[in-house]
Amino acid sequence: MELLIQLYWEFCKIGIFCVGGGYASLPWIQAAVVENYHWLTLTEFVDIFTISQMTPGPIGINAATFTGTKIAGLPGAIVATAGFVTPSFILCLTITYLLRKYGEISGIKGVLNGLRPAVVALICVAGLSFIYLSVWNTESLPENLYDYDITGIIVLILSFWALKKKVSLIPLLFGSGVAGLILGIVLQ
Amino acid sequence: MDTEKLDEAIQKLDIEPGTGHFYWILFKSTFLISAFTVGGGMVIIPQLKTKFVDEYGWINDKETLDIAAIAQSLPGVMAVNASIMLGHRMAGLAGTLVTTLATVLPPLITMTIIAFFYDLFAHNYYVQMLLKGMQCGATAVIINVAINLVKKLTNKKQLIPILICVGTFIAALFFNVNLMYCVLVDALLGLLLLRDPKYN
C-alpha cells in the first residue's frame, strides 16, 4: 500500500513539472524513477523510451504504466498513470475556468518563457546520459573512456546518418534494432 | 462558447447529450484517436480536427487551435490535456472523466502487455542486441531533438533565455541540482524578466 501511494505521488510530481510535452517529460521521469528510487535501470528506462516511440500513447503515460507494472503489477500501473494525469486534470479545468473568467493571464506567459529554455537544457542533460549508455553501457561518464562498446558506436553513427537522410522515426528505430542484432551476431 | 451550435450539431447526429449513447460516442472516438496516434504531441491535433470538427461538427477550427495552444503550454501530456478540455467542452465534468479515461486506456493496455513480454524476453541475448541497437537509434533521435532545440534558442539571439538554458544545464549536469529547484527558479526568472511579448 505504501508503495502504491509513493508511486502515485511521484508520478503526480512528474505530471506537475513536465512542461513542454513528450521529450520534456524524459528528464523528470529519469530523475524520479531511475536516480531517486531505482525502480528501473537506465537501460530499462531507455528501452521504454524506445518502445514508446513505436507504440501509440505519450511517453509519460507509457513510462508510468511500465514502471507501475514492473514494481506493483496492474494496480501499480493504474495508480502511476492516475498520478501522472491528476495534475493535468486539475490544471486544465482551472485554466479553462480562469480563461473564461479573465480572458488572459499575463504572468503565465512569462513563466512559460522562462521554462522553455530550461526544458532545452534538461533535454540536453538527458541526451548525454543516453550517449553514455549507448557508447559505454554505463549510467554516467566512465573513468576509462576506452572501455567503449563498438556495436553501440557503429549503430549510433548509422542512426545519425539515417536521420540526416530524413528516415522517419519508426523505420529508423527498427533499422537500428536490426543493425544491433546483426552486429551482435557477427561480433559474438 | 457557441453552445447553441453545439446543441444543433449534437441533435443533427441524433444523439441526446447526457445519454449513455452520447457518452459512448465520446468515449469511442477519443479512445480510437488515442489508440492510433503514434508519435504524440502535435500529431493529435489533425486527428481531433478530422473527428470532432469535420465529421461531427462538435467544435470549430478556432476552438481546436485554442485547445491545442493551452494543452501544449500546460504541464503534462498534450494529448491528455487536450482531451480533458475537449471533454469539458462537450459535457462538463462527466465528459472530462469519459475522455480522460478513453485517452489513457489504450497506452495503459499496450504498455501493460509490453511490460509483461519485456520481462520474459529482455534477458535473451538476441533481444538484448536488438534493444541495444534501438537504444542507439533512440539516442540519435533525442540528440537530434536537443540540437534542433538549442539551434532554435540561439537563433533568437536573446541573452536571458540563453543564459537560463546554460545555467540550468550546468546546475543539473555538474552540480546535480534537483530538477524541481532548477525549474522553479527558471519559472520565477521568467515571471520577473521575460514577460515582454518579444520573448513569446
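**Confidence of chain B.** I first looked up the confidence of chain B in this predicted model. The mean pLDDT (the predictor's confidence in each residue, from 0 to 100) of chain B is 82, and 86% of its residues reach 70 or more.

**Conventions.** I noted that residues are numbered from 1 along each chain as its sequence is written, and that chains are lettered from A and ligands numbered from 1 in the order in which they are written. In this predicted model local features need pLDDT of at least 70, side-chain atom pairs count only at pLDDT 80 or more, and totals for chains, interfaces and linings use all residues, while side-chain values use heavy atoms, with hydrogens and water left out.

**Overall build of chain B.** I recorded eight helices and zero strands in chain B. Helices (H or I, at least four residues) and strands (E, at least two) are DSSP runs, numbered from the N terminus. Of the 200 residues of chain B, 46% count as buried; buried means under 20% relative accessible area, exposed over 50%, and partly exposed in between (1.4 Å probe, protein chains only). The accessible surface of chain B comes to about 10300 Å², and 66% of this area belongs to carbon and sulfur atoms. Such areas come from the Shrake-Rupley method with a 1.4 Å probe, and for residues only the protein chains shown count as cover. I also looked up contacts (heavy atoms within 4.5 Å): of those in chain B with a separation of 6 or more, 51% are between residues 24 or more positions apart.

Is B:Thr30 buried or exposed? B:Thr30 is buried, with a relative accessible area of 5%, and it lies in helix H2 (residues 20-36) of chain B. Leaving aside neighbours within four places in sequence, I found B:Thr30 in contact with B:Phe52, B:Ser83, B:Thr99, B:Ala102 and B:Thr103.

B:Ala69 belongs to helix H4 (residues 61-73) of chain B. B:Ala69 is partly exposed, at a relative accessible area of 43%. I noted 9.1 Å between the C-alpha atoms of B:Ala69 and B:Ala82, which are 13 residues apart along the chain.

**Positive phi angles.** Most residues other than glycine have a negative phi. I found that A:Asn137, although not a glycine, has a positive phi of about 55 degrees. A:Asn137 sits in the loop between H5 and helix H6 (150-164) of chain A and is partly exposed, at 44% relative accessible area. B:Lys157 is not a glycine either, and has a positive phi of about 55 degrees. B:Lys157 is in the loop between helix H6 (125-155) and H7 of chain B, and counts as exposed at 71% relative accessibility.

**Second largest pocket.** How much space lies in the second largest pocket? I noted about 700 Å³. Of the 28 residues that line the second largest pocket, the closest to its centre are A:Ala31, A:Glu35, B:Ala172, B:Asn176 and B:Leu179. A pocket, on a 1 Å grid over the protein atoms alone, is an open set of points where a 1.4 Å probe fits, with protein on both sides within 12 Å along at least five of seven lines; lining residues have an atom within 4 Å of a point. H2(A) gives the most to this lining, with seven residues.

Notes. Grid points are joined across faces, edges and corners, and a volume is the space filled by probe spheres set on the points.
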